[in-house]
Amino acid sequence: MVQTNVDRAPSATPRIIAIANQKGGVGKTTTAINLATAIAATEKRVLIIDLDPQGNASTGLGIDRHTRDVSSYHLLIGEASLTEGVITTSIPNLWMVPSSVDLSGAEIELVDEPRREHRLADALAAEGDFDFILIDCPPSLNLLTLNALVAAQAVMVPLQCEFFALEGVSHLVKTIERVKQVFNPGLELHGIVLTMFDKRNNLSDMVAADVRDYFGDKVYKTVIPRNVRISEAPSHGKPVLLYDMRCAGSEAYIHLASEVLKREREWVA
Ligand SMILES: Nc1ncnc2c1ncn2[C@@H]1O[C@H](COP(=O)(O)OP(=O)(O)OP(=O)(O)O)[C@@H](O)[C@H]1O
Ligand SMILES: [Mg+2]
């Protein structure tokens with residue numbers, strides 16, 4: 001249940017950012033968890049919605065499977081409201097709607113339902129009092145991701161610095177354009193974050209240079225390095241920022257958060 005805050009005027013409209021890339025294992029969940037934690041540390045109220053049946057964001061934040069009674073699945077099928085789905089995490093200012101395995105059947109269940117692409121948007125339209133909502137998408141351009149893109153105002157794309165990275169992302173960019181035309185005219189590409197950058201590997205540099213050539217300013221200056229502490233943190237049910245605040249991975253996510261917040265301020269200005 002959301003703790004309604006005491007000393008603070010409710011946020012009129014939360015910024016809703018979908019973290020998406022149909023390619024698997026590129027750092028979507030890691031970015032959702034750690035960016036959310038870093039933003040929450042600046043006193044902003046942040047909600048993560050785990051929209052992936054794998055439930056990695058829920059596990060990575062230490063949410064026990066047995067306490068996931070109400071999940072993003074229930075929001076999508078209209079069985080629960082946002083307030084009913086939100087649970088607290090061990091991190092101040094960070095809440096979450098966990099995922100459950102039922103989510104993998106949601107696509108089929110919703111196929112004949114009205115407004116099936118708008119289910120998440122409709123659920124998030126309810127009173128919630130968050131500054132930011134980050135949606136962790138599954139590795140597919142399916143109805144779940146489509147719901148995230150329809151609900152969001154902006155999309156953040158984590159991109160692993162490896163060969164073929166650009167090919168996959170151009171497909172995603174086309175999908176974003178289509179969603180904009182058909183469902184959500186305000187949708188923007190917030191930015192592309194280069195992940196798992198390995199400075200000892202020339203390929204990482206080459207891919208990063210290509211992506212910057214192609215997408216220009218849309219690529220965040222912050223690059224997330226490949227860092228073993230980042231990969232260890234989820235098995236402790238913690239964001240890397242809590243697991244090892246001083247490691248290179250944590251520093252990178254803190255920088256990314258300040259870059260995101262700066263972009264947000266410029267957006268509003
Ligand atoms: N910067 C990094 N350095 C080292 N390991 C990382 C880094 N980022 C992510 N990982 C690890 O790589 C794996 C994939 O990351 P993650 O789960 O965030 O990707 P994903 O895009 O959400 O995957 P999926 O598509 O399956 O949802 C995880 O084991 C994660 O711990
Ligand atoms: Mg994931």
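In this briefing, Ala, Val, Leu, Ile, Met, Phe, Trp, Tyr, Cys and Pro count as nonpolar, Asp, Glu, Lys and Arg as charged, and the others, Gly among them, as polar. By that scheme, the shell around ligand 1 divides into 6 nonpolar, 11 polar and 3 charged residues. The model is a predicted one, in which local features need pLDDT of at least 70 and side-chain atom pairs count only at pLDDT 80 or more, while totals for chains, interfaces and linings use all residues. Residues are numbered from 1 along each chain as its sequence is written, and chains are lettered from A and ligands numbered from 1 in the order in which they are written.

**Ligand shell**

- Ligand 1 is surrounded by 20 residues, the closest being Lys28, Thr29, Thr30, Pro139 and Ser231; a residue is near a molecule or strand if its C-beta atom, placed from the backbone, lies within 6 Å of it.
- Two or more residues of this shell are given by each of helix 1 (28-40), strand 7 (188-197) and helix 10 (228-232); helices (H or I, at least four residues) and strands (E, at least two) are DSSP runs, numbered from the N terminus.
- Helix 1 supplies the largest share, 3 residues.

- An open sheet of mixed pairing is formed by 8 strands in the order 3-4-2-5-1-6-7-8, where two strands pair if DSSP finds at least two bridges between them.
- The edges are strand 3 (87-88) and strand 8 (219-225); each has a single partner strand, so one side of each is left without a neighbour in the sheet.
- Strand 1 (residues 15-19) pairs with strand 5 (residues 132-136) in the parallel sense over 5 bridges, and Ile17 stands opposite Leu134 in strand 5.

**Helices on the sheet**

- Helix 7 (residues 143-151) packs on the sheet and touches strand 1, strand 5 and strand 6 (154-160), its direction making about 150° with that of strand 1.
- Contact requires C-beta atoms, placed from the backbone, within 7 Å; axes are lines fitted to C-alpha atoms, for helices over the stretch in contact, and angles run from 0 to 180 degrees between N-to-C directions.
- Helix 9 (residues 202-215) lies across strand 6, strand 7 and strand 8, and runs at about 170° to strand 7.

**Positive phi values**

- Most residues other than glycine have a negative phi.
- Phe164, in the loop between strand 6 and helix 8 (165-182), has a positive phi near 75°.
- Phe164 is exposed, with 10 other C-beta atoms within 10 Å.

Definitions and conventions:
Contact = placed C-beta atoms within 7 Å. Buried ≥ 20, exposed ≤ 12 C-beta atoms within 10 Å, placed from the backbone.
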